[in-house]
Amino acid sequence: MSQLATSPSSPVLHIADGIATITLNRPAQRNRLENEDLQTLLAHFQQVNDDPAVRVVVITANTQGQPKPVFCAGYDIGGFDEKGQGASSFERVPEALAVLRPITLCALNGSVYGGATDIVLACDLRIGLQGIEWRMPATAIGLHYYPSGLARYIQRMGLAATQRAFLTARPFTWQQLEKLGLFEDFVQDTEWQAALNELTQDIISLAPLATEETKKSINEITTGVAQEATLRARVDRTSLSEDFAEGRAAFAERRKPVFRGK
């Protein structure tokens, strides 16, 4: 699904068959994010958002050569010393990710730390590798986390888990994460690619118009900005769509629907 670069680089984008895969690609540095990587991610997000052929965005990491797989060690602390950089510049990445048009899936194939946890939370769906850990060390290094990140933690993980994450800085095991209901599944490394492929194909098989409109409504309801008239209009639009007619016909004929996003 992904095409790994042969040398370390900013995140790599590969698009094929409606799936855009963005791969963090600094394995020797545990895929920590530098300021140039943040700009690259924002550019990739814009590109996939503008490409109507892209239905799913998968965020994953190159973990080759690592003793233990690390998806991302977080933001490079040295970036705070650069003028105009730091928490506010990092915040733009998960904020942009959260509102992308395609469905977003984090393929968490390694442990995750710091600000990178918010990238995981900003995705619509998540699948994880058994054996990983998750840690938020903000208060352990003297930092108050940025507001939108705290809000997303509470929305996705719940109040108790957010308090544990920030007020103890203790890591979560994959078993603890699994109990939160945050992930679609946790799988062994031998099953990883098959499970990821199956999930992405399940998403691709859905009606494009209904899926994208439903994602917008879910996000608006979650953040408290939903307007009933807008949601009703989306209901009406999909009810009159060619996709809905095709979906009903396929159901009656016991065949797989062929959706066109109209």
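**Overall fold**

The protein has 10 helices and 10 strands, counted as DSSP runs from the N terminus (helices are H or I, at least four residues; strands are E, at least two). Its radius of gyration is 19 Å, close to the 18 Å from the globule rule for 262 residues, so the protein is as compact as a globular protein of that length. That radius is taken over C-alpha atoms, and the rule is 2.2 Å times the number of residues to the power 0.38.

This is a predicted model, where local features need pLDDT of at least 70 and side-chain atom pairs pLDDT 80 or more, while totals for chains, interfaces and linings use all residues. Residues are numbered from 1 along each chain as its sequence is written, and side-chain values use heavy atoms, without hydrogens and water.

**Core**

- Of the 262 residues, 45% count as buried (under 20% relative accessible area, 1.4 Å probe, protein chains only).
- The largest nonpolar core has 61 residues, and Ile-59, Phe-71 and Trp-134 are among those touching the most other members.
- Such a core joins buried Ala, Val, Leu, Ile, Met, Phe, Trp, Tyr and Cys residues through side-chain atoms within 4.5 Å.
- Ile-59 touches residues including Ile-22, Phe-45 and Cys-123, leaving aside residues up to four places away in sequence (contact means heavy atoms within 4.5 Å).

**Helix pair**

- Leu-150, Tyr-153, Ile-154 and Met-157 in H4 meet Leu-159, Ala-161, Thr-162, Ala-165 and Phe-166 in H5.

Note on methods
Buried means under 20% relative accessible area, exposed over 50%, partly exposed in between (1.4 Å probe, protein chains only).
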